[in-house]
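Hi everyone, thanks for coming along. Please bring up the structure on your screens, and we will walk through some of its side chains together.

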Amino acid sequence: MTQSPAPAASRPAARPRIPRVPFWAQILLGLVLGVVLGFVARRYDVDWLETTLTHIGEIFIQLLKLAVAPLVFFAITISITNLRNVQNAARLATRTLLWFMATSLIAVVIGLTIGLLTDPGSSAEVTRSGDEHSSGSWLDFLTGIVPTDIVTPFAELQVLQIVFLAVVVGIAALKLGPKAAPLLSFGEAALQLLQKALWWIIRLAPLGTVGLIGNAVREYGWDLIGDYATFTADVYVGCALVLFGVYPLLLATVAKVNPVQFFKGAWPALQLAFVSRSSVGTMPLTQKVTERLGVPKEYTSFAVPFGATTKMDGCASIYPAIAAIFVAEFFHVELGIKEYLLIAFVSVIGSAATAGLTGATVMLTLTLSTLGLPLEGVGLLLAIDPILDMIRTATNVAGQAAIPVLVAAREQILDREKFATAKSFSIEDAQRETDEDADGGETRDAEGRATVPAAASPSGAS
């Protein structure tokens with residue numbers, strides 16, 4: 001005899017669910033709150049608020065930097081070894097690099113054109129910094145790639161040297177074959193652990209936004225932007241042209257996909273990049289949005305980490321081009337066609353010098369030293385750098401997601417149906433997908449128990 005269901009009136013009332021605030025809204029709220037608190041701290045000289053904003057921003061950036069060294073090493077190493085699972089891996093890697101270089105060339109031409117049209121340094125009246133920068137020459141760049149020992153690159157966060165070690169280890173593991181399996185298993189587990197920790201840090205981004213934006217407003221105010229008005233506008237316009245002009249045009253004409261749909265899918269990574277000012281810190285999210293846009297995971301796991309350390313259209317192309325013109329005009333140094341060609345060459349070939357960290361000081365010193373311009377010019381632009389770095393990093397990350405989509409489309413490995421349905425998502429959803437990937441594709445039931453999809457074999461082997 002079956003028991004009839006209890007009347008609706010006798011059932012316990014469901015608890016009202018608190019609506020979840022989308023991640024983009026949390027970032028926006030943090031941005032607004034940061035501006036307000038920064039203005040209050042500056043206007044009324046509130047010491048405790050100034051200290052609080054500074055520490056919040058510094059702790060958030062330090063947390064990101066803490067994961068940079070091991071994340072770059074394991075991501076690059078594993079991404080290289082993952083190429084063995086991709087058909088035509090060599091061609092994919094080559095075409096990815098060529099498209100990176102081509103878009104960098106387009107970006108630097110845009111930067112040079114804007115700089116020549118607006119003369120950003122002709123009327124500058126800022127105080128010259130006493131900071132001299134003697135690093136950044138081509139010789140320093142080339143010799144600095146190879147580390148003198150294993151520990152120093154990780155201890156001192158020498159990202160280029162870490163990339164060098166990772167590439168060597170990755171290629172050696174490919175050549176070694178099955179004997180390298182234990183090392184690769186450890187590397188994959190370490191990478192998953194680091195990505196899990198980074199997701200926790202990423203969820204702190206709204207709070208980090210309050211500290212970073214608030215401290216920038218408190219320290220620099222609006223006067224500094226006025227002193228560098230033309231230069232600031234040039235960098236933002238240049239980055240906007242690449243971000244909303246070049247990339248969409250390439251996606252529409254070369255990849256034959258909808259650019260608006262690309263921005264819908266890539267939006268979570270772009271907003272985090274704008275706030276965090278770190279391509280490497282944003283890398284797990286960039287990889288996730290690229291996969292959601294239909295790029296195969298095996299290719300994404302190579303292209304995105306590679307791009308996070310080398311694909312820097314904002315920091316390595318637009319910014320140094322405009323900055324070089326600014327510095328030349330400020331110091332009354334004449335630039336000719338030879339110097340402009342050198343700027344383009346440095347931007348395309350030397351973009352790895354930016355290394356995915358916040359700021360583009362290394363790239364600027366490299367450019368200025370190549371042109372023979374006063375390195376004191378770097379000090380002139382350091383004060384405005386945090387404000388510029390937000391749009392530069394967003395442009396970098398957009399390119400790091402757009403080029404894999406473009407290459408995948410050209411190689412006919414892009415899941416166009418998946419691309420067409422890609423949309424923005426919450427950090428919780430991205431974390432859950434990452435956990436499922438780490439569990440070998442398993443999902444979990446209502447009680448949290450792992451369930452294996454029906455199509456999967458019991459052993460998990462293909």
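Let me begin with a term: helices (H or I, at least four residues) and strands (E, at least two) are DSSP runs, numbered from the N terminus. Before we use it, a word on where this comes from. This is a predicted model, in which local features need pLDDT of at least 70 and side-chain atom pairs count only at pLDDT 80 or more, while totals for chains, interfaces and linings use all residues. Residues are numbered from 1 along each chain as its sequence is written, and side-chain values use heavy atoms, with hydrogens and water left out.

Now find helix 18, which covers residues 385-410. Asp389 and Arg392 both sit in this helix, three residues apart, or about one turn. What joins the side chains of Asp389 and Arg392? They meet in a salt bridge, with 2.8 Å from N to O. The term salt bridge stands for a side-chain nitrogen of Lys or Arg within 4 Å of a carboxyl oxygen of Asp or Glu. By this rule there are seven salt bridges. Asp389 and Arg392 are both buried; buried means under 20% relative accessible area, exposed means over 50%, and partly exposed is in between (1.4 Å probe, protein chains only).

Rings of Phe, Tyr and Trp (its six-membered ring) pair if their centres lie within 6.5 Å; planes under 30 degrees apart count as stacked, over 60 as edge-to-face and the rest as tilted. How many aromatic pairs does the structure hold? There are 11 aromatic pairs. In one of them, the ring centres of Phe231 and Tyr319 are 6.1 Å apart and the planes are at 65°, so this pair is edge-to-face. Because Phe231 lies in helix 10 (residues 229-253) and Tyr319 in helix 14 (residues 313-330), the pair ties together parts that are 88 residues apart in sequence. Is Phe231 buried or exposed? Phe231 counts as buried because its relative accessibility is 1%, and Tyr319, at 2%, counts as buried too. Phe262 and Phe263 form an edge-to-face pair as well, with 5.4 Å between centres and 75° between planes. Ring pairs also link Phe231 and Tyr319 with Phe326, Phe330 and Phe331 in a cluster.

Next, the core. A nonpolar core is a set of buried Ala, Val, Leu, Ile, Met, Phe, Trp, Tyr and Cys residues joined through side-chain atoms within 4.5 Å. The largest one has 111 residues, and Phe231, Phe262, Leu381 and Val405 are those with the most contacts inside it. Phe262 has 0% relative accessibility, so it counts as buried. Leaving aside neighbours within four places in sequence, Phe262 is in contact (heavy atoms within 4.5 Å) with residues including Leu251, Ala398 and Val405.

Finally, back to charges: Lys288 and Glu291 form a salt bridge, their closest N and O atoms being 3.7 Å apart. Lys311 and Asp313 meet in another, at 2.8 Å from N to O, and both are buried. Arg91, Arg95 and Glu411 are linked in a salt-bridge network.
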